[in-house]
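Could you walk me through this model, one selection at a time? Here is a tour to follow with the viewer open.

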Amino acid sequence: KELDEINEKYIQSMNSLMKEKSNKELITSQRDRITQEMNSIEKEKELLLSEINTIKKERDEINEMYQQSVAKEIFDQESIAKQRDIIEQEKDTIITERDSIAFDRDSLKIQRDTYKKELDEINEKYIQSMNSLMKEKSNKELITSQRDRITQEMNSIEKEKELLLSEINTIKKERDEINE
């Protein structure tokens, strides 16, 4: 009878040991799975950081193009203002000369035709300058639109990064609980 009791206790001890061994293997398996998931998340994080850096580089290039465009626009506006001043001066000169030679109609007609042609050329240059400015304004709006799109993408990536970090923290908590 005592031997049966001892055998029964031995069998229970062995069963308990087998159960513990099975639990230990399960915990090891879960720990390996969590480690693999964390490695995978780390790789995704590195890819996201690489994409963010690429987008930042593109944003910097667009900002540089925008700054150059603004500087060129300011230069062009100053150039147009100078051309306007020149036009005003030339108009004053034309009026003065026309008044001084009013008595000579043939000469006045020739000079008037010449000045009209020059004025048309100046106006044509002015129109071309204005068209160039409008084109640059359109380019500036395109750059602004692209910058807004990149900002939205970066915000979206930042949110995804926060979600990934939250998942990593949850997995770390689960791992810590399992380890305990």
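**First stop: Glu73**

Select Glu73: this residue is buried, with a relative accessible area of 15% (buried means under 20% relative accessible area, exposed over 50%, and partly exposed in between, with a 1.4 Å probe and protein chains only). Before going further, note that this is a predicted model, where local features need pLDDT of at least 70 and side-chain atom pairs count only at pLDDT 80 or more, while totals for chains, interfaces and linings use all residues. Residues are numbered from 1 along each chain as its sequence is written, and side-chain values use heavy atoms, with hydrogens and water left out.

Glu73 sits in helix α1, residues 2-100 (helices are DSSP runs of H or I with at least four residues, strands are runs of E with at least two, and both are numbered from the N terminus). Show its surroundings next: leaving out residues up to four places away in sequence, Glu73 touches Leu133, Glu136 and Lys140 (contact means heavy atoms within 4.5 Å).

**Second stop: charged pairs**

Lys140 is partly exposed, at 21% relative accessible area.

Now pick Glu136 and Lys72, whose side chains meet in a salt bridge of 3.3 Å, N to O. Here too helices are joined: Glu136 lies in α2 and Lys72 in α1, so the pair ties together parts that are 64 residues apart in sequence. Is Glu136 buried or exposed? Glu136 is buried, with a relative accessible area of 10%, whereas Lys72 is partly exposed at 43%.

For another pair, go to Asp60 and Arg59, where the side chains meet in a salt bridge of 3.8 Å, N to O. Asp60 is partly exposed at 44% relative accessibility, and Arg59 is partly exposed at 27%. How many salt bridges does a search of the whole structure find? The search finds nine.

Select Leu48, Ile52, Ile55, Ile62, Ile143, Ile150, Met154, Ile157 and Leu164, the nine residues of the largest nonpolar core (a set of buried Ala, Val, Leu, Ile, Met, Phe, Trp, Tyr and Cys residues joined through side-chain atoms within 4.5 Å). Both α1 and α2 supply at least two residues of this core, and the largest share, five residues, comes from α2. Centre on Ile143: apart from its neighbours within four places in sequence, Ile143 is in contact with Ile62, Met65 and Tyr66. A second, separate core has five residues, among them Met38, Ile41, Ile168 and Ile171.

**Last stop: pocket lining**

Finish with Ile94, Arg98, Arg112, Tyr115 and Lys116, which lie nearest the centre of the largest pocket among its 10 lining residues. Helix α2 (105-179) and helix α1 each supply at least two lining residues, and α2 gives the most, with six.

How values were computed: 1 Å grid on protein atoms, 1.4 Å probe; cavity = no way out; pocket = protein on both sides within 12 Å on 5 of 7 lines; lining within 4 Å. Salt bridge = Lys/Arg side-chain N within 4 Å of Asp/Glu carboxyl O.
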